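I am opening a notebook on a structure that is new to me. I will look things up one at a time and write down what I find.

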Amino acid sequence: MRQHDDIESNDTMHDEELESRIRREVIIVDDILNDNEEEGFYDEEHEAHESGESGEAQSKKREHTWMLFTTGGILTEGTRRLSRYFIAIAIMCFLSIFLTFMSLNADREYRRREKYATVLYERSVLKEELRYSLSSKKAITERLKSHNITLVDLSKDSRLVEK
């Protein structure tokens with residue numbers, strides 16, 4: 001029992017030491033936000049942690065993060081005047097990546113259609129060969145023989161009589 005009490009007292013001492021360290025810790029914040037905004041933000045953050053990160057607090061936090069990026073609040077004074085250029089470069093990079101993927105997709109589609117056109121051309125050649133073989137004199141005489149019809153060739157001296 002004595003050992004159990006020692007463990008509990010040791011745990012409580014550890015917890016108290018941890019809490020005192022947290023209280024003594026110094027938080028350094030850049031001069032991006034004025035004092036009122038800082039207090040409001042940290043109050044909201046503290047409330048969000050207390051209430052278990054409620055949905056409303058999370059959306060405010062996301063909104064604040066979005067505002068930092070869109071208004072240039074994340075940038076230092078030296079780079080703040082260049083924020084428009086950063087945005088333009090980001091847009092150009094996005095467009096470059098988008099156009100690259102579109103080009104790759106168009107190239108893939110072109111190769112697929114070219115392959116399909118080659119297959120169609122080969123089929124048309126095969127059909128022409130088949131049609132030619134069916135229309136040859138030998139093939140025609142064989143088909144006529146199968147129907148008991150004889151084909152008689154006209155001689156050069158014969159005449160065709162028209163009515």
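Is Phe 98 buried, partly exposed or exposed? I looked up its relative accessible area and got 42%, so Phe 98 is partly exposed. A caution for every entry here: this is a predicted model.

Entry: The cut-off for exposed is over 50%.

**Entry: aromatic pairs.** I searched the whole structure and found one aromatic pair. Phe 94 and Phe 98 form it, and the pair is stacked. I noted 6.4 Å from centre to centre and 15 degrees between the planes. Stacked applies because planes under 30 degrees apart count as such. Where do Phe 94 and Phe 98 sit? Both are in helix α5, which spans residues 83-134. They are four residues apart, so about one helical turn separates them.

**Entry: the fold.** I counted six helices and zero strands in the chain. Read from the N terminus, the order is α-α-α-α-α-α.

**Entry: surface.** How much of the chain is buried? Of its 163 residues, 6% are buried. I put the accessible surface of the chain at about 15,900 Å². Carbon and sulfur atoms hold 57% of that surface.

**Entry: confidence.** I read a mean pLDDT of 76 for the chain. A value of 70 or more is reached by 64% of the residues. Which element has the lowest mean pLDDT? That is helix α2, residues 35-50, with 53. Helix α5 has the highest, with 94.

How values were computed:
Residues are numbered from 1 along each chain as its sequence is written. This is a predicted model: local features need pLDDT of at least 70, side-chain atom pairs count only at pLDDT 80 or more; totals for chains, interfaces and linings use all residues. Side-chain values use heavy atoms; hydrogens and water are left out. Rings of Phe, Tyr and Trp (its six-membered ring) pair if their centres lie within 6.5 Å; planes under 30 degrees apart count as stacked, over 60 as edge-to-face and the rest as tilted. Helices (H or I, at least four residues) and strands (E, at least two) are DSSP runs, numbered from the N terminus. Buried means under 20% relative accessible area, exposed over 50%, partly exposed in between (1.4 Å probe, protein chains only). Accessible areas come from the Shrake-Rupley method with a 1.4 Å probe; for residues, only the protein chains shown count as cover. pLDDT is the predictor's confidence in each residue, from 0 to 100.
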